[in-house]
Amino acid sequence: MGSDDDVAGYCIWGEDNIVYGPIDLATLVHWVQEERVRPDTWINLRDRDTWEKAARLTELKKFFPSRVPEEAPAVTLPAPDGTSIRLRAGALRQVKILAGLNDEQLERFIGLMEVQPVRPRTEIVKQESPGDAMYLLLEGEVRVRMMIGGKERVLVTLVPGEFFGEVSRFGRCPRSADVVANKESLLLRIPAGVFQQLVQKAPDLAAPFLFGICQTLVARIRADNKRYRDSITLGFAAK
């Protein structure tokens, strides 16, 4: 009878720099089919203790050449200028908090959102402004900053798959920092009223979405705690 390590032999390095797993081969293949795992995703093979790109794994090679991105499930979202933008489900699943939704749930969820293209140097949210929405970053790059003494201090740079604005949204408090686009970016804006709709009318969508947010927030807190412990350790070592 095989061990757990034999059954669940893969760990996935997510775009949010969080390692997911261990998982078995059947789950890994399912993630490939849903485009949660892409050809350039790093995968750890636990039995060999090595990292490989997904497309290089013998057990996955047959899945990637046959994939046709243009034929993947997609949704069409309205843009503020009256045009529309078509997005594949795989691109939407780069946002880890949406990874728990199946295609049907994802289409329903995205139907409640607003797509927002932004140009470089656009100030998306401003410190002390009302927290009337949170944002999911699909494409591009943004930075979270604070202006201190007239100088910009960058707190963190966010890449596709990450989100921001959740603290002021859930805490019903003003924005704690500015968020500015570093390059051409594409956002999903989730207005305040959508959360109430999800909880009251679509709990099957609200539960995995909110659980995904909690997982990411826990990972951020752990990372902050580690940095704090490391700074204390270095402080004592310097004495």
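Is Glu184 buried, partly exposed or exposed? At 48% relative accessibility, Glu184 counts as partly exposed (buried is under 20% relative accessible area, exposed over 50%, partly exposed in between, with a 1.4 Å probe and protein chains only). This is a predicted model, in which local features need pLDDT of at least 70, side-chain atom pairs count only at pLDDT 80 or more, and totals for chains, interfaces and linings use all residues. Residues are numbered from 1 along each chain as its sequence is written, and side-chain values use heavy atoms, without hydrogens and water.

**Salt bridges**
- The count comes to eleven salt bridges (a side-chain nitrogen of Lys or Arg within 4 Å of a carboxyl oxygen of Asp or Glu).
- Glu184 meets Arg119 in one of them, at 3.8 Å from N to O.
- Glu184 lies in the loop between β13 and β14, and Arg119 in the loop between β7 and β8, so the pair ties together parts 65 residues apart in sequence.
- Arg119 is exposed, at 60% relative accessible area.
- Glu152 bridges to Arg145, with the closest N and O atoms 2.8 Å apart.
- Arg145 counts as buried at 15% relative accessibility, while Glu152 is partly exposed at 36%.
- A network of salt bridges links Glu123, Arg143, Arg145, Glu152 and Asp178.

**Helix α4**
- Helix α4 spans residues 103–110 (helices are DSSP runs of H or I, at least four residues; strands are runs of E, at least two; both are numbered from the N terminus).
- Gln105, Leu106, Phe109 and Ile110 are buried in α4.
- Seen down the axis, these buried residues fall within an arc of 125 degrees, so they line one face of the helix (the arc is that of directions from the helix axis to the C-beta atoms).
- Glu104 and Arg108 form a salt bridge, with the closest N and O atoms 3.4 Å apart.
- Glu104 and Arg108 are four residues apart in α4, about one helical turn.

**Sheet β7-β14-β9-β12**
- Four strands form this open sheet, with antiparallel pairing (strands pair if DSSP finds at least two bridges between them).
- β7 and β12 stand at the edges with a single partner strand each, so one side of each lacks a neighbour in the sheet.
- Five bridges join β7 to β14, and Glu114 stands opposite Arg189.

**Sheet β2-β1-β3-β4**
- This open sheet also has four strands and antiparallel pairing.
- Its edge strands are β2 and β4.
- β3 and β4 pair over four bridges, with Trp42 opposite Lys53.
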